[in-house]
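Have the sequence and the 3D view open as you read.

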Amino acid sequence: NSRVEWDEFGSLKAAPMPPQPNVRQLARKMEPLLEKHGKSCFNPLQKDLNTEVNEAGIEAECKDDDSDWIVAGRARAGEMHDLDAPLCAGPGIKALPVLRNGRYQFEIELLKPCAIVVGWSVATTLPLAFDGHSFGLSSTGDLTVAHWDATSEGPYCTPFGKTGDVIACLVDWVQSEELPDVVAPRLSFALNGRFLGLAFDLLEAAEGSKASFPPLQPHVCQGFGSAFRVRLRGATDEAPLKYPANGFKPLAEATEEDFCPFSRAVALSSELKVGMALSDDHLWSFQVPDENLLELKLPTELVAELDEEVEEEDDEDAGHWALTEFVVTELDIVPD
C-alpha cells in the first residue's frame, strides 16, 4: 500500500508524526555544530523521519519505497513545468553551516538514479518542502515555486537525475550600493561542472525591506520520482568539491565571520514567517518549544472584516485560515 496520499486541494498529505523521545539529547550533542563555527555536515536535527544520514554526516538517503514516489511522479508528470505545481514530495534534510555572508559552494552528488530538489533555505524552512523562503533546483530542470525574484520563468536547465550527476549550489552574498548595511544572496547552480547562470537575485527584495536577507543553509528534498541517496561534497576533506567554481569556497572553509549561529538564524528568519499558514504538524516537526510559540486562529467573521471582498459562499473555506507566527529566541537545549 502506497503511503503517498493527496488531500482535497491536490496537495501531498503528510504522514502521521510519531514521537521522538531523544530530540533534546540529540540537541545537546549537536550544540557545538549548531551554535559554534566549525564542522559542516548534514544536520540530523533537521531531517524528516524517513531520511537517514551516515555516521560521517555527508551521505543521506530517503528510505521510503521507490514505488511511492514513482507513482506520485507519474501522477504529477503533466504538471512539471506548471509554476503552481509542487516540485517537492518530501521527505528532506538540511545541512550546516548556516551562512550570512561570503561566496560559498556545496555539491550534491547522486549515488543512485533519483528525483530531487537541491538548494538553499532559511533556518525556519522545514526539510520536507521548499517554501516561499527557500530557493532550489528540481531534477525536472525547474526552479522551485513561482519566485518573483527567480531569473527564469520556464525550465532553468535540462532534466537530470542519473547516478553520478553532481549539482553545485552557489551563494554570493552582495552588499547594496544604496544601503551599505544591507546584504543579500545571489544564487546560482551548476550541473556536472557546467555553470547554469544566475537563478535567484534577492538583493532588490532586501533593499525594499531595508534589511539584510536572513542567513541560508543547504537543503535537499525528495522530488516526484525515485527516492534519493546523495553525498554532500565540499563539507569535508573526505568528499571535496568535484567541480570547484572560481572565486567560491567550499562549506568546509566557511569563516567565523560568515558563519551564523543556528539560534540567531532562526530568530532572523522567523520574521519572514509572520503571516504564513503553518500547521500544527509543521510546528511539531520544527521542534519549537511551547513557550516560544504564539498561535492565532482567525475565525470566519474576522477574516471577512479584514477582507471585504470575501464572498458569502467562500466563508466556510475562509474559516480554515490560520495565521501562525513563531519566534525562537534561543536554541532549546535544556535538561530532560
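Let's start with helix H4, where Phe 262, Ser 263, Ala 265, Val 266, Ala 267, Ser 269 and Ser 270 are buried. Buried here means under 20% relative accessible area, with exposed being over 50% and partly exposed in between (1.4 Å probe, protein chains only). H4 covers residues 262-270, and seven of its nine residues are buried, so the helix is largely enclosed by the rest of the structure. Helices (H or I, at least four residues) and strands (E, at least two) are DSSP runs, numbered from the N terminus.

A quick word on the ground rules. This is a predicted model, in which local features need pLDDT of at least 70 and side-chain atom pairs count only at pLDDT 80 or more, while totals for chains, interfaces and linings use all residues. Residues are numbered from 1 along each chain as its sequence is written, and side-chain values use heavy atoms, with hydrogens and water left out.

Now for the strands. Two strands pair if DSSP finds at least two bridges between them. Five strands make up an open sheet, ordered S1-S4-S11-S6-S7, with antiparallel pairing. At the edges sit S1 (41-47) and S7, each of which pairs on one side only. From one strand to the next, the twist averages 30 degrees; axes are lines fitted to C-alpha atoms, for helices over the stretch in contact, and angles run from 0 to 180 degrees between N-to-C directions. Within this sheet, what joins S6 to S11? Six bridges do, between S6 (residues 116-121) and S11 (residues 217-223), which run antiparallel.

Eight of its nine residues are buried, so S9 is largely enclosed by the rest of the structure. Nine bridges join S9 to S8, the two running antiparallel, and Cys 169 has Phe 189 in S9 as its bridge partner. S9 and S10 also run antiparallel, joined by five bridges, with Leu 191 opposite Arg 194 in S10. The hairpin of S9 and S10 has two residues between the strands, and there Asn 192 takes a positive phi near 50 degrees.

On to the rings: the structure holds four aromatic pairs. Rings of Phe, Tyr and Trp (its six-membered ring) pair if their centres lie within 6.5 Å; planes under 30 degrees apart count as stacked, over 60 as edge-to-face and the rest as tilted. Here are two of the pairs.

| Pair | Centre to centre | Angle between planes | Geometry |
|---|---|---|---|
| Phe 135 and Phe 200 | 5.3 Å | 65 degrees | edge-to-face |
| Tyr 156 and Phe 189 | 6.0 Å | 80 degrees | edge-to-face |

Tyr 156 lies in the loop between S7 and S8 (166-175) and Phe 189 in S9 (residues 183-191), so their pair ties together parts that are 33 residues apart in sequence. Tyr 156 is buried at 11% relative accessible area, and Phe 189 is buried at 0%.

Phe 135 is in S7 (residues 134-138) and Phe 200 in S10 (residues 194-201), so that pair links parts 65 residues apart in sequence. Buried or exposed, what is Phe 135? Phe 135 is buried, with a relative accessible area of 1%, and Phe 200 is buried too, at 0%. Ring pairs also link Phe 135, Phe 200 and Phe 213 into a cluster.

Finally, the charged end of Arg 103 sits over the ring of Phe 248, 4.2 Å from its centre. That label applies if NZ of Lys or CZ of Arg is within 6 Å of the ring centre and within 35 degrees of the ring normal.
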